[in-house]
Amino acid sequence: MSTSTIDRKLLDELREILGADGIVSRATELKVYECDGWTVEKSAPDVLLLPRSTAQLSAILAALHRRGIAFVPRGAGTGLSGGCLSLNAPAMICTSKMNRILEIDFDNRRVEAESGVVNLHVTNAVKSKGYFYAPDPSSQVACTIGGNIAENSGGPHTLKYGVTTNHVLALEVVLPDGEVVELGGPAEERCGYDLVGAVVGAEGTAGIVTRATLKLMREPENHRTLLAAFPDADTATRAVSMIIASGIVPAALEMMDQLIIRAVEEAFNVGLPLDAGAVLIIELEGLEAGLTTYADEVAKTANLAGASSVRLARDEAERALLWKARKRAFGAVGRLAPNYATQDGVVPRTCLPRILRVIAEVSRRYDLRIGNVFHAGDGNLHPIILYDEREPDQVRRAIDAGREILKACIDMGGSLTGEHGIGVEKLGEMPLMFSPDDLRVMTELRHVFDPMERSNPGKVIPQPGACVEVAAPRRQVPI
Amino acid sequence: MAAPSLIPLNPVRGVSDYDLLFDCVHCGLCAEACPTYIVTRCEMDSPRGRIYLMKSLAEGRMGLDDDAVRHFDLCPGCRGCETACPSGVHYGRLIEGARLLVEQNHRRSFVDRFKRRAIGAIFPYPHRLRMLLAPLKLVDRFGLRPVLGAVLPRMIHDWLDLLPPLEPDLRPLAAKATIAPRTDAPAVVVHRGCVAQVLANSENLNSERLLGAAGYRVVQLEPTSCCGALDLHSGNGSRARDFARANVRALKNAGADAIVSAASGCSVAIAEYGDLLKDEPEFAEDARAVSSKVRDLSSLLLDAPARPKREFRCRVTYHDACHLVHGLGVREAPRKLLASIPGVTIVEMTESELCCGSAGSYNLTEPAMARDLARRKADNIIAAGADYVVLANPGCEFQIAAELRRRGSKIKVVHLADFLAMASQ
């Protein structure tokens with residue numbers, strides 16, 4: 001933990017490395033960097049550094065290291081768990097200017113990109129040749145590859161393709177002392193310890209990723225996208241299990257409950273059935289031959305499970321509209337309340353009906369509206385808790401309700417996070433899932449990369465001795 | 001550096017409609033749709049960052065200092081973020097509110113004040129602009145603009161650079177309708193704008209003639225005054241409302257069923273009169289009625305029965321003027337109209353929806369950023385490999401043409417109305 005501060009001499013040194021437009025040190029400008037998508041807690045850094053290259057980034061980390069100053073990495077700041085909140089880290093390092101796609105190798109199906117490249121821009125760069133980058137978080141129009149690597153991000157299509165870690169072949173990482181290391185390699189199969197795997201999902205506690213070699217996927221020949229409406233969430237989630245049990249694994253299987261359906265419909269007018277208790281978006285993809293059979297099969301199963309209607313997206317435009325609605329559902333919820341907190345628990349698929357009942361009960365007990373829009377196929381929940389930050393009591397209730405839901409996920413044999421990361425949001429819940437021994441081993445692994453704990457301090461692993469209250473809001477609620 | 005400006009320590013709730021600020025859920029999906037964020041890659045130059053500054057001001061968590069003003073100023077007001085926003089944030093209204101606050105509470109540097117006053121004193125008044133440009137017309141007749149540019153101060157030189165050559169307007173006009181429209185045909189009025197009627201009047205005339213030829217009854221507007229957008233976007237709310245009232249009166253009297261403008265910024269300003277004058281009982285209802293009649297030229301032309309067209313063989317790329325696409329949501333109609341001309345091949349440029357840097361008077365007040373955006377736009381246009389860039393806003397036309405001129409490019413920049421007139425010759 002750092003006590004050093006940033007003095008004028010250091011600022012001059014950093015400015016020397018980065019140039020005038022690579023450093024921000026004025027209070028007004030730093031203010032906008034005081035939180036990411038997790039707005040419950042706020043803390044601005046003392047200085048923001050915007051390197052343009054690995055060499056610059058390495059030089060600034062070396063300069064900070066010499067003075068023992070901790071830092072927090074940041075991509076586009078779209079994270080939902082406060083992963084880039086500046087906690088005891090005076091310097092924030094933003095990769096937004098490192099946004100070049102360096103090499104596209106179609107023959108070997110891989111792309112090398114700097115960590116500040118926007119997720120969707122990778123797909124945009126390769127789609128004319130029929131390829132895409134699979135992890136597709138809802139924020140993909142803005143979030144960066146580096147941020148995806150830090151949080152091990154997923155997206156609707158993780159059901160078929162897996163999460164970020166399944167798509168990273170190699171990484172260039174700058175360690176907290178400025179040393180540049182290369183992990184992994186271009187080969188699909190590697191031997192030895194999986195160091196790339198250790199860095200992906202480390203939430204920036206193992207140094208800063210500057211470059212990544214990513215796998216490219218071939219666009220499937222065709223899609224079938226179905227929209228199934230159900231009288232209630234219970235029936236919908238049972239249908240999820242039945243579909244998967246029937247042996248068909250869709251590329252994506254998403255659920256939206258009534259609250260979300262209404263918000264999305266108001267925002268985008270997609271034609272979702274407003275009277276439905278829940279809908280499933282089911283996407284099948286692959287060779288054209290057989291797709292229709294599979295789609296019929298899925299529709300039959302959905303009907304058997306109790307669907308009130310099943311409809312097939314007529315064309316690419318309708319499919320795009322459905323996905324637009326799904327991917328922007330979080331934001332659409334912004335129309336219902338001033339603030340929301342998105343949870344990210346995971347449960348075994350078969351527990352979905354049970355956990356949704358728990359969420360409904362929590363919603364009633366805390367007197368907060370909670371919507372559900374999530375990756376049903378892999379049991380990754382996203383309860384969206386609506387609140388108003390102007391009312392401190394609501395903020396507290398929202399945090400407590402979120403905790404209770406996460407605890408229920410763990411009790412059902414699930415996980416604290418599917419793709420948003422622990423950040424500061426779920427720090428206090430880590431001991432629910434991991435024993436002190438687990439956490440100690442994680443800390444030891446972290447020390448291999450960051451012995452002084454200067455890279456994104458205070459994230460992922462709760463400090464020994466700290467109680468669950470560690471994630472209580474530190475910020476002042478503006479009145 | 002200017003003296004520190006007023007630093008209110010109390011919350012400035014009036015920074016914008018405070019409740020509207022809470023539509024923003026801080027998701028950040030707007031960033032890559034924002035032209036200034038794309039250039040600076042800094043959060044305070046993104047819509048989310050600016051809204052965060054407004055919110056912090058409103059809550060008294062910071063004061064209005066030079067830095068905050070700088071980042072508000074740098075926003076071109078293109079509203080690309082409104083299209084990207086899943087949460088329905090009314091960014092246009094928020095930034096207009098912030099600009100009002102800045103003008104009321106912040107003292108600008110001398111040069112900045114001079115620039116802004118000059119713009120405000122000249123552009124909304126066509127006769128003043130004409131008078132000012134009369135000598136320049138003479139200069140242009142003898143091809144002496146480069147000489148003039150060399151002797152004038154840098155700022156004026158840059159402004160001159162943006163002006164199209166003031167040769168007598170040689171742009172072709174569409175043929176007038178040969179048959180008088182039926183008396184029960186919908187009446188359309190073309191708002192001729194202020195700068196547009198001086199520098200690009202062919203666009204107005206062609207809009208009227210095309211509408212006439214398509215069977216609409218074209219009615220004239222008297223008097224035409226500036227729509228007020230320029231004032232609204234530079235924090236002069238009271239004069240913006242003056243202009244709005246004058247226009248509401250005139251547009252009501254014109255009795256049109258539809259109102260179009262060759263400048264999309266004006267269209268959006270008129271479409272928002274209802275909101276601007278909502279608290280003035282005398283005008284509120286009329287303003288709402290006027291606003292509800294705003295249409296865009298291409299949609300009206302597309303609605304009319306198709307007429308046989310001559311072949312016009314060329315490659316066209318279409319630039320989405322910000323307020324047309326983000327303000328009125330018009331994307332497909334102009335493209336469909338262009339595609340309906342035999343021989344026209346449409347080649348899409350990348351980032352067709354990204355601001356070119358013109359943005360009303362933005363290229364005069366923020367020349368450096370405007371130039372960066374113009375360069376980016378020109379790169380995309382050149383990469384598309386078209387013969388023509390077609391767009392539906394004169395501001396974009398001057399801005400993009402100036403950049404292409406600097407590069408010695410042969411690509412022609414033409415307003416949609418002029419292009420349709422040319423294609424029908």
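1. The C-alpha centres of domain 2 and domain 3 of chain A lie 29 Å apart. The structure is a predicted model, in which local features need pLDDT of at least 70 and side-chain atom pairs count only at pLDDT 80 or more, while totals for chains, interfaces and linings use all residues. Residues are numbered from 1 along each chain as its sequence is written, and chains are lettered from A, and ligands numbered from 1, in the order in which they are written.

2. Chain A is assigned domain 1 (8-94), domain 2 (102-218) and domain 3 (222-332); such bounds come from an automatic or database domain assignment. Between domains 2 and 3 of chain A, 5 residues of domain 2 are in contact with 9 residues of domain 3 (contact: C-beta atoms, placed from the backbone, within 7 Å). The domain 2 side of this contact holds 2 nonpolar, 2 polar and 1 charged residues (nonpolar: Ala, Val, Leu, Ile, Met, Phe, Trp, Tyr, Cys and Pro; charged: Asp, Glu, Lys and Arg; polar: the others, Gly among them).

3. Strand β14 of chain A (residues 278-286) has 7 of its 9 residues buried (buried: 20 or more other C-beta atoms within 10 Å of the residue's own, C-beta atoms being placed from the backbone). Strands, of at least two residues (E), and helices, of at least four (H or I), are DSSP runs numbered from the N terminus.

4. β14(A) pairs in the antiparallel sense with β12 (residues 222-230) of chain A over 9 bridges and with β13 (residues 252-257) of chain A over 6 bridges (pairing: at least two DSSP bridges between two strands). A:Glu283 in β14(A) is the bridge partner of A:Thr225 and of A:Ala252.

5. The contact between the chains takes 30 residues from chain A and 27 from chain B. On the chain B side, α3(B) gives the largest share, 4 residues.

Notes. Buried ≥ 20, exposed ≤ 12 C-beta atoms within 10 Å, placed from the backbone. Contact = placed C-beta atoms within 7 Å.
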